Amino acid sequence: MKRIHRYYILPAVALVLLGAVLGVSLNSYVSDGDAFEQLKKLERAFVIINRQYVDPVESKAVAEEGIAGMLKKLDPHSSYIPSDEVPEVRQSYEGSFGGIGIMFDVTNDTARVVKPITDGPSERVGVMAGDRIVEIEDSSAIDLSSTGIQKRLKGPVGTEVDVTFYRPSVGEQFQYTIRREEIPLYSINSSYMIDDRTGYIKIDRFAMTTYEEFMEKLKDLNSQGMERLVLDLRNNPGGVMQSAIQIADEMLSRGMMIVETKGRDPSINNQYRATSGDMFEEEPVIVLINRASASASEILAGALQDHDRALLVGERTFGKALVQKQFELNDGSLLQMTVGRYYTPVGRLIQTPYEDGNKQDYYDQKFNSYEKALFNPSEYKESIPDSLAYETDHGRTVFGGGGILPDYIVKPDTSSIERFVSGSGLTLAFIIDWFPERETDIREAWGEKPQAFAANYAVPNDVVDRFWTFAEDKGMSLTANPDSVNRAEAVFPQSEANEAREYVRTHLKGNIARQLYGSSAMYPIFNSVDPTFQQALTLWDRADQLSEFHASTTSSANQN
């Protein structure tokens, strides 16, 4: 069949919208006269195409392309989910699923790994966020749909699949043999006591079970004497809004606004407020955020910032404040459509502006404003109109219009060899290659002693030396000639590598811990050299002041 161009396909959405979808009269849903006329036009166009087009038309394919085309005129986050993809979407918010353990999306005809599931089979072999799937079982994966990728990656638990990934950060391909597993989905994969007073919880995403997981971790840390908390929301893309609201409730006083949602449908207009009987209302809190903290993460961070409940540290967040709802169609497929916007307690809309569904312009604007916010925050703040400036409960200035700006910005050194090493995944790749030859000895010495490993194990010097050789084999270069340095081409000065030696040693150790004990053991080691984390630990005076603000607000509210 000849390809049917998009301008033929768009009208086909009428088939979905007609009574078969809603089971009721169209007039009850399309009250506007012009809208009803346009709908009849779509119906007529679909009938003509279906009957008169020169080649036979696959009605389902045409209708689905039509729906997708219409959604592109709305916003960058509304989407259509075919019926055969619905189970995977629902499973990602619920319990577990079978497969290789990655979250991915398809952009520019290639599947990009959004995130490997923590402790899943893909993460264990070395797959990293940002990797592109180029081959599955020696067949090209380019131009495959999301459904096509899933069908080829899934299979019976225990079977293996060969997948080739392209890693843009190093410009190389990696082939992994991955054993399929039933993948448990946890939202919180790391929580521990940093010291005898300070707890740490990292929330990777918000699912239906996140609040229960959070409460379990919170109780455990409280039992160990926690007096203050570092809550890590970095790289958390969001998810179930209600879970973020429940967690915010645990840290805010009764009656405080958490988030407000507004939409055309009155049922969307809701105010969510904190209730009484919470576990962590007054203790100091520091929240870590970055450019990949989005949606539900921003609801939680925004509520805590607006009420002066927590100190936000890191980078400006993603800027997604759209409320989405799933509408089931007649064949079980879903419209995941934006039905409202959410506003932080002081009334901020932190959604990045967009024009229709133009994703390229949307992300370009995000990147450009993000760079200014991160590296020229004073200029960025001055560029924000007064209408987007708001005051927190105690008079601090916060901003709307595109993400949440932290109270304390930590600028990354984007040109450093340390940044390159951590961002490229070279330490993980090296350990995956090196670990098997040492595994027996290491497990015998440390296998049942994760705390002793963290405290006492040191990566030998010769292993660090071998890493640098490995990195150069993978395309990184070290030079003693200052004129030869070219950071854009991964050519770094030898002196900088010498200075980064302990940083690299720590990352190698963290990845050995991952191989031994899983990702939960990796984060405490990585955090020991993480610039944002370490900077945050110097800011407890400011967090203490905010907790005192909040306590005084709570006391006043109780007296009134």
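This is a predicted model: local features need pLDDT of at least 70, side-chain atom pairs count only at pLDDT 80 or more; totals for chains, interfaces and linings use all residues.
Reader: How many cavities of 30 Å³ or more does the structure hold, and which residues line the largest cavity?

Author: Rolling a probe the size of a water molecule over the atoms shows where empty space is left. A cavity is a set of points, on a 1 Å grid over the protein atoms alone, where a 1.4 Å probe fits but cannot get out, and lining residues have an atom within 4 Å of a point; grid points are joined across faces, edges and corners, and a volume is the space filled by probe spheres set on the points. The structure holds 1 cavity of 30 Å³ or more, and the largest cavity contains about 110 Å³ of space. Its lining includes Met103, Lys115, Ile117, Asp204 and Arg205, and by class the lining has 6 nonpolar, 2 polar and 3 charged residues (Ala, Val, Leu, Ile, Met, Phe, Trp, Tyr, Cys and Pro count as nonpolar, Asp, Glu, Lys and Arg as charged, and the others, Gly among them, as polar).

Reader: At what angle do H15 and H17 pack?

Author: Two packed helices are described by the angle between their axes and the distance between the axes. Helices are DSSP runs (H or I, at least four residues) numbered from the N terminus, and axes are lines fitted to C-alpha atoms over the stretch in contact, with angles from 0 to 180 degrees between N-to-C directions. Helix H15 (residues 426–446) packs with helix H17 (residues 461–473) at about 125 degrees, their axes 10 Å apart, and H15 and H17 are therefore oblique to each other (under 35 degrees is roughly parallel, over 145 roughly antiparallel, 65 to 115 roughly perpendicular and the rest oblique). The contact (heavy atoms within 4.5 Å) involves residues including Phe430 and Trp434 of H15 and Phe467 and Phe470 of H17.

Reader: Are H9 and H10 roughly parallel or oblique?

Author: Helix H9 (residues 210–223) and helix H10 (residues 241–251) have axes 8 Å apart at an angle of about 30 degrees, which makes H9 roughly parallel to H10. Among the residues in contact are Tyr211 and Phe214 of H9 and Ile247 and Met251 of H10.

How values were computed: Residues are numbered from 1 along each chain as its sequence is written. Side-chain values use heavy atoms; hydrogens and water are left out. On a 1 Å grid over the protein atoms alone, a cavity is a set of points where a 1.4 Å probe fits but cannot get out, and a pocket is an open set with protein on both sides within 12 Å along at least five of seven lines; lining residues have an atom within 4 Å of a point. Helices (H or I, at least four residues) and strands (E, at least two) are DSSP runs, numbered from the N terminus.
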